[in-house]
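User: I have a structure to go through. Can you put it up and take my questions?

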Amino acid sequence: MKWSDLQIFAAVARTGSFNAAAQELGVTQPTISRSIKKLEQEFNISLFNKFQSGAEITSYGERLLDDVLAMETNASAIKNSMRMVSKPTAGQISIQGTPGLLYHLLVDHLQILTDQFPLINIVFLATDVPEARSVRTDLRLSYILPENAELKVAKIGTLHAVPYASRSYLEQNGVPETIADLKTHSVVDHFVSLKDDTFHQYALLKGHSNIVHGSNDGTIQAKLISQGRGIGVLAAGAHTYYPDLLAVPIDELRASTPLYLSYRPELEVSPVARAAMRWIKFIFKEQMKPYFDDQLDETNLPQFKAS
């Protein structure tokens with residue numbers, strides 16, 4: 001049995017005539033007759049009652065026609081799917097997150113995405129309020145679970161907050177080891193808007209230290225700390241972008257929280273969105289490993305050693 005014979009059978013059933021089917025398919029009437037005869041012999045049934053005025057499909061033929069039409073529908077779906085695959089993935093997608101996540105993680109690793117998908121355009125929407133809902137976005141990176149139950153959510157890593165200071169600052173002012181030691185140190189604060197106490201250490205800083213500078217932007221805070229302005233809490237791995245930074249051994253100022261990627265359900269079928277999500281997950285699971293593992297390996301954090 002050949003697919004071409006089944007297509008001829010469907011054409012006869014559709015047109016009600018061997019001659020009309022031949023004209024529709026651009027073949028001769030004997031070709032139509034041979035295909036129908038082969039099918040009838042193979043299945044040992046009669047597919048059409050033949051009259052001078054045309055051909056009437058039999059009950060056996062109707063059962064076969066249902067299967068052939070289903071096959072045609074599936075074949076058409078496969079063709080459309082393959083056409084989509086063969087087209088280059090192109091389009092625009094927006095990603096919302098805090099400035100630090102967007103700048104140091106996504107923007108710095110954007111080349112990984114564009115090398116594979118040069119026609120994908122990313123719009124980065126930075127906000128210091130990780131649970132902001134007023135911003136219309138396709139993908140959202142946050143350590144706050146979205147309140148919208150319709151959104152799809154995937155955990156992509158764990159964000160570990162670690163106190164940092166520059167080498168020059170610690171050489172000049174010493175290394176604090178407890179929260180009480182901070183009373184004699186300068187602190188670079190990060191003004192963060194949260195509904196819970198996810199990063200309770202910010203409140204601890206305010207109560208035990210001398211805040212000299214601050215920002216609602218983590219990238220500005222990191223820059224100030226790297227300049228030796230004071231001690232501040234940053235995401236683990238900040239020293240990979242600011243090599244002069246060293247971890248400060250104050251356990252009370254450490255915290256960990258899951259990091260989530262949320263998106264609208266309809267984006268699951270978007271080639272552009274799927275490519276962007278694979279890229280984001282790769283960054284957190286591979287490029288920035290081990291700083292976003294569930295358990296932070298302290299040996300990967302640079303410590304101060306007196307010269």
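User: What kind of model is it, and how are residues numbered?

Analyst: It is a predicted model, where local features need pLDDT of at least 70, side-chain atom pairs count only at pLDDT 80 or more, and totals for chains, interfaces and linings use all residues. Residues are numbered from 1 along each chain as its sequence is written, and side-chain values use heavy atoms, with hydrogens and water left out.

User: Start with H1. What should its 13 residues span?

Analyst: Helix H1 covers residues 3-15 and should span 18 Å at 1.5 Å a residue, which agrees with its end C-alpha atoms being 18 Å apart. The expected span is 1.5 Å times one less than the number of residues. Helices (H or I, at least four residues) and strands (E, at least two) are DSSP runs numbered from the N terminus.

User: Which residues of H1 are buried?

Analyst: Asp-5, Leu-6, Ile-8, Phe-9, Ala-10, Ala-11 and Val-12. Buried means under 20% relative accessible area, exposed over 50%, and partly exposed in between (1.4 Å probe, protein chains only).

User: How many salt bridges does the structure hold?

Analyst: Seven. One of them pairs Glu-40 with Lys-50, the closest N and O atoms being 3.8 Å apart. That pair also links distant parts of the chain, with Glu-40 in helix H3 and Lys-50 in strand E1 (residues 48-51), ten residues apart.

User: And which partner does Glu-266 have?

Analyst: Arg-264, with the closest N and O atoms 2.8 Å apart. Salt bridges that share partners join Asp-138, Arg-264 and Glu-266 into one network. Arg-264 is buried at 16% relative accessible area, whereas Glu-266 is partly exposed at 47%.

Conventions. Salt bridge = Lys/Arg side-chain N within 4 Å of Asp/Glu carboxyl O.
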